[in-house]
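This report describes a structure of two chains for a reader who is new to the subject. Please keep the sequence and the model in view while reading.

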Amino acid sequence: MKRLALALAFATLIPAAHAVEYTQIQPDKSAINFVYKQMGVAVDGKFKKFSSTLNFDPAKPAAAKASFDVELASVDTGAPEGDQEVAGKPWFNTKVFPSAKFVSGTVKPLGGNKYEVAGQLSIKGKTQDVVVPATFTAQGNTGIFDGSFTIRRADFSIGEGSWAKFDIVANDVQIKFRITASTK
Amino acid sequence: MASHHYTSTAKALHWLMAALLFGLLALGFYMHDLPLSPEKLQLYSWHKWAGVSAFLLVLFRLLWRVTHRPPALPETMPKLVQFAAHAGHFGLYVLMIAIPLSGWLMSSAKGFQTVWFGVLPIPDLLDKNKEVGDLLQTVHMSLNLLFIAVLAGHIGAALKHHFVDKDDILIRMAPRHSKEK
């Protein structure tokens with residue numbers, strides 16, 4: 001009885017707690033950025049175009065689903081000649097592999113507003129399991145997901161040939177994202 | 001008559017910087033036209049490291065210059081030519097300060113921080129901004145073209161002193177010309 005009373009109390013405090021599902025991504029308030037190291041110097045980049053689908057109900061995080069489709073040709077490496085270069089064969093080879101895909105698997109709540117999203121990342125014909133830590137902040141009927149994870153570009157054959165060594169461009173690339181989504 | 005000669009420190013700084021700056025100029029023009037490659041990125045880093053080094057050297061050189069009076073120009077030089085010589089040297093110093101500063105600011109605006117020898121990060125004074133970056137690239141380039149022009153005058157004048165006027169202006173900066181002569 002006590003438990004039920006408590007649950008009822010919560011239900012009245014947060015009337016729509018289990019009905020809130022964030023599904024509508026707001027592209028203008030979302031970003032996928034990355035940081036790579038060039039001779040030890042961190043350089044910022046970003047992808048300007050991506051599409052995604054999302055189903056996230058804070059009350060049922062385990063049922064959450066997310067997928068991203070990043071248009072690799074929309075890359076901004078920080079320099080125009082860099083953008084041209086990474087679209088080419090040794091890097092993304094965007095003619096053959098125009099997009100990078102992320103599909104979520106299990107979503108584990110870590111307590112508080114922290115979550116751990118396991119999923120599969122596919123770039124340039126190669127698929128790797130990744131674990132993405134993310135935080136979720138609700139603001140009215142919009143919610144913001146923030147997180148970052150690190151991939152190794154060599155795992156996806158990004159930067160082949162003369163770029164394959166890591167002395168100039170490091171292997172580790174940090175991916176940072178901020179996804180803003182609203183309820184329906 | 002020590003005042004007729006430069007100190008050996010001043011001479012060492014002059015020739016060390018001459019070699020460094022010619023290297024930086026040549027590297028700057030060469031690397032700019034290269035297609036993007038690992039080598040290009042490496043050369044850019046080296047150019048930036050060398051540029052920071054040159055900037056520190058010119059600061060030390062200025063400090064040395066104000067604390068060690070250079071020898072006076074020959075009395076035989078007309079006042080106007082003496083003025084031109086001082087103005088030329090002043091211009092070289094201004095450019096030796098302004099060029100590395102413009103390069104550093106350009107790097108910041110373009111989003112590529114300068115990290116001296118890959119170890120010591122030089123703070124970014126400017127935020128990343130493409131327009132500002134492109135503008136500073138033009139500034140860096142223009143200052144260097146001006147530097148080459150003033151440098152040509154500097155070298156031309158030194159050679160004229162040596163071969164036409166036959167005075168000791170060039171010789172007194174020569175490494176082996178000892179103070180005790």
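Two residues are said to be in contact if their C-beta atoms, placed from the backbone, lie within 7 Å. The structure is a predicted model, in which local features need pLDDT of at least 70, side-chain atom pairs count only at pLDDT 80 or more, and totals for chains, interfaces and linings use all residues. Residues are numbered from 1 along each chain as its sequence is written, and chains are lettered from A and ligands numbered from 1 in the order in which they are written.

## Chain A

Among contacts in chain A between residues at least 6 apart in sequence, 55% link residues at least 24 apart. Helices (H or I, at least four residues) and strands (E, at least two) are DSSP runs, numbered from the N terminus. By this definition chain A contains two helices and eleven strands. Read from the N terminus, the order of the elements is α-β-β-β-β-β-β-α-β-β-β-β-β.

A residue is buried if 20 or more other C-beta atoms lie within 10 Å of its own, exposed if 12 or fewer, and partly exposed in between, with C-beta atoms placed from the backbone. Of the 184 residues in chain A, 26% are buried. Is A:Met39 buried or exposed? A:Met39 counts as buried because it has 20 C-beta neighbours inside 10 Å. A:Met39 belongs to the loop between β2 (31-38) and β3 of chain A. Its phi is near 50°, a positive value in a residue other than glycine.

## The contact between the chains

Chain A contributes 14 residues to the contact, and chain B contributes twelve residues. On the side of chain A that touches chain B, the elements giving two or more residues are β3 (41-47) and α2 (80-87) of chain A. The residues on this side of chain A comprise six nonpolar, five polar and three charged. In this classification, Ala, Val, Leu, Ile, Met, Phe, Trp, Tyr, Cys and Pro count as nonpolar, Asp, Glu, Lys and Arg as charged, and the others, Gly among them, as polar.

Two packed helices are described by the angle between their axes and the distance between the axes. Axes are lines fitted to C-alpha atoms, for helices over the stretch in contact, and angles run from 0 to 180 degrees between N-to-C directions.

| Helix pair | Angle | Distance between axes |
|---|---|---|
| α1(B) and α2(B) | about 155° | 10 Å |
| α2(B) and α3(B) | about 145° | 9 Å |
| α3(B) and α4(B) | about 155° | 8 Å |

Angles under 35 degrees count as roughly parallel, over 145 as roughly antiparallel, 65 to 115 as roughly perpendicular and the rest as oblique. The helices α3(B) and α4(B) are therefore roughly antiparallel to each other. A crossing is left-handed if the near helix is turned anticlockwise from the far one by less than a right angle, and right-handed if clockwise. The crossing of α1(B) with α2(B) is left-handed. A left-handed crossing is also found where α2(B) passes α3(B), and another where α3(B) passes α4(B). The contact of α3(B) with α4(B) involves 16 nonpolar, ten polar and one charged residues.

Helix α4 (residues 130-163) of chain B has 34 residues and extends 49 Å from its first C-alpha to its last. This is close to the 50 Å expected at 1.5 Å a residue, where the expected span is 1.5 Å times one less than the number of residues. The buried residues of α4(B) are B:Gly133, B:Leu136, B:His140, B:Asn144, B:Phe147 and B:His161. These buried residues of α4(B) pack against α1 (8-32) and α3 (79-110) of chain B.

## Two residues of chain B

B:Val58 is part of helix α2 (residues 38-67) of chain B. B:Val58 counts as buried because 22 C-beta neighbours lie inside 10 Å. Which residues does B:Val58 touch, not counting residues up to four places away in sequence? They are B:Met17, B:Met96 and B:Ile97. Although B:Val58 and B:Ile97 are 39 residues apart along the chain, their C-alpha atoms are separated by 7.2 Å.

B:Lys166 is located in the segment after α4 of chain B. With 8 C-beta neighbours inside 10 Å, B:Lys166 counts as exposed. The phi of B:Lys166 is near 50°, a positive value in a residue other than glycine.
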